[in-house]
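Visitor: I have a model open and would like to go through parts of it. Can we take it piece by piece?

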Amino acid sequence: LHARIRRKSNYNLPPGPSLLTIIRNSVQLYKKPQQTMAKLAKTYGPIMRFTIGQSTTIVISSIEATKEILQTHESLFSDRTNPDITTSYNHNRYSLVFLPVSPLWQELRKICHGNLFSAKTLDASTELRRMKMKELLTDIRQRSLNGEVVDIGRAAFMACINFLSYTFLSLDFVPSVGDGEYKHIVGTLLKATGTPNLVDYFPVLRVFDPQGIRRHTTNYIDKLFDVLDPMIDERMRRRQEKGYVTSHDMLDILLDISDQSSEKIHRKQIKHLFLDLFVAGTDTTAYGLERTMTELMHNPEAMLKAKKEIAETIGVGNPVEESDVARLPYLQAVIKESLRMHPPAPLLLPRRAKTDVQVCGYTVPEGAQVLINEWAIGRNPGIWDKAHVFSPERFLHSDIDVKGRHFKLTPFGSGRRICPGSPLAVRMLHNMLGSLINNFDWKLQNNMDPKDMDLDQSLMAIPLATA
Ligand code: HEM
């Protein structure tokens with residue numbers, strides 16, 4: 001123990017906030033972790049160390065250090081930390097999100113890149129999403145006729161699940177679970193992943209599960225598997241029938257791969273993969289859409305420009321097709337600007353240091369959890385001109401994209417663990433946002449002035465059909 005303490009004290013990282021400071025800020029750290037960490041980084045520096053119990057977390061909020069972690073030493077930071085919660089259902093043994101770099105993880109990534117999220121596969125399933133987009137627009141049109149207020153976050157969430165479940169399974173996942181319940185399940189699973197769990201800091205408490213986080217998570221995963229299992233079984237049965245025609249969805253692709261070689265992926269892994277894809281893909285994309293709509297309503301000039309561009313390119317009142325997006329540079333800039341200011345994964349996903357690694361002259365100790373504060377980087381006035389102003393124009397004649405090559409903007413991460421679903425997320429974001437603003441004018445409820453909006457609150461708005 002003595003040797004360990006001595007070794008630790010040799011690390012040249014500045015001490016970071018004390019336990020007392022962490023406790024004092026704990027409510028804020030829990031409610032708004034990225035903002036609070038950005039505030040603390042002003043005192044403790046852009047490479048900040050938190051040590052609690054047996055766990056060291058390093059929070060990065062400079063581009064130089066981000067680049068060293070996600071590019072220069074990427075192979076040493078490409079594993080994830082494995083919070084206790086991932087051991088529910090042995091998910092850590094199958095999960096694309098939490099597996100370390102390993103043959104199984106490589107196989108799953110290969111399937112994602114080559115099959116599930118390749119341009120060819122996504123093009124083939126465009127029709128499924130087009131159908132869902134029409135349903136969303138019909139639903140909003142009806143609400144517009146009734147003069148109803150739309151909770152944009154909720155509508156976006158439901159639209160994202162529908163888009164994903166049609167792309168994955170060619171059917172509505174939600175009616176089987178109930179829409180409110182599904183939102184609750186996904187919300188709870190995500191919240192559980194982000195909730196500081198005493199067990200992760202003091203592993204000796206594992207058997208007690210003092211906050212009940214593992215118990216709850218197992219319960220919710222159970223509910224999702226209860227829906228997924230019969231769907232997969234039914235598809236396997238139908239595939240045995242003569243004359244079965246593939247539906248071009250991800251389940252058929254995965255079952256084709258599994259039929260060819262169950263070593264590549266088997267039934268159980270398919271279920272765990274869908275769990276990851278649904279949980280990782282729904283809330284992030286819905287949050288991205290809600291925040292972008294919020295910014296556009298807060299900035300009527302940007303809204304007008306985006307609407308004008310779409311109307312002139314595809315005609316007013318039409319849904320924006322995925323193939324239209326290349327001709328809509330302002331819409332693309334709007335999405336980038338929103339991802340800069342409101343990254344849906346504000347601390348990305350935790351990486352784990354494989355060995356001691358030198359980053360910008362400091363030693364990140366082996367086993368440390370590394371978080372990139374994407375939110376703080378996106379709002380840093382030293383990095384972005386007028387960082388707190390929503391200005392899509394900054395991206396109009398710039399080559400900055402979100403593919404993980406520009407370390408000032410990496411909302412989908414970078415390197416070998418970059419978000420595999422980003423090609424689908426990007427399509428959904430443009431498609432939904434473009435269609436919502438090309439089909440409706442949006443007004444805040446209670447005639448609220450856009451200047452008075454709270455940009456972090458839920459967006460409630462009234463759709464008015466465009467002339
Ligand atoms: C706007 C929407 C989204 C954002 C901002 C986002 C962001 C991220 C980020 C930051 C990571 C970690 C990357 C890293 O460590 O470098 C990630 C990983 C991941 N994302 Fe996304 N994501 C989005 C949508 C999706 C969608 C739609 C899916 C699937 C349908 C998805 C599936 C995943 C998976 C499976 C991983 C784990 C990959 C691995 O660890 O190898 N994401 N995402």
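Visitor: Which residues in α13 are buried?
Guide: In α13, Ile 213, Thr 217, Ile 221, Leu 224 and Leu 228 are buried. A residue is buried if 20 or more other C-beta atoms lie within 10 Å of its own, exposed if 12 or fewer, and partly exposed in between, with C-beta atoms placed from the backbone. An α-helix has 3.6 residues a turn, so residues three or four places apart point the same way.

Visitor: What kind of model is this, and how are residues numbered?
Guide: This is a predicted model, in which local features need pLDDT of at least 70, side-chain atom pairs count only at pLDDT 80 or more, and totals for chains, interfaces and linings use all residues. Residues are numbered from 1 along each chain as its sequence is written. Helices (H or I, at least four residues) and strands (E, at least two) are DSSP runs, numbered from the N terminus.

Visitor: Back to α13. What span should its 28 residues have?
Guide: Helix α13 covers residues 213–240 and should span 40 Å at 1.5 Å a residue; its end C-alpha atoms are 40 Å apart, which agrees. The expected span is 1.5 Å times one less than the number of residues.

Visitor: Where does α13 bend?
Guide: At Phe 225, by about 25°. The bend is the angle between axes fitted to the seven residues ending at a residue and the seven starting there.

Visitor: And α9, how many of its residues are buried?
Guide: 17 of the 18 residues in α9 are buried. Helix α9 (residues 152–169) reaches 25 Å from its first C-alpha to its last, close to the 26 Å expected. Just after α9, Ser 170 takes a positive phi of about 55°.

Visitor: On to strands. In what order do the four strands of the open sheet run?
Guide: The order is β1-β2-β7-β4, with mixed pairing. The edge strands are β1 and β4 (351–352), each pairing on one side only. Two strands pair if DSSP finds at least two bridges between them.

Visitor: Is the pairing of β1 and β2 parallel or antiparallel?
Guide: Antiparallel, over six bridges, with β1 at residues 47–52. Ile 47 has Ile 60 of β2 as its bridge partner, and Phe 50 has Thr 57. The hairpin has two residues between the strands, and Gly 53 takes a positive phi near 55° there.

Visitor: What about the pairing of β2 and β7, parallel or antiparallel?
Guide: Parallel, over four bridges, with β7 at residues 369–372. Val 59 has Leu 371 of β7 as its bridge partner. Strand β2 (residues 55–60) is mostly covered, with five of its six residues buried.

Visitor: Now the ligand. How many residues surround it, and which are closest?
Guide: 26 residues surround the ligand, and the closest are Gly 281, Thr 284, Gly 413, Cys 419 and Gly 421. A residue is near a molecule if its C-beta atom, placed from the backbone, lies within 6 Å of it.

Visitor: Which helix gives the most to that shell?
Guide: α15, with seven residues. α15 (267–298) and α19 (422–439) each supply at least two residues of the shell.

Visitor: Last one: why does Val 101 count as partly exposed?
Guide: Because Val 101 has 15 C-beta neighbours inside 10 Å. Val 101 lies in the loop between α5 (63–72) and α6 (103–116).
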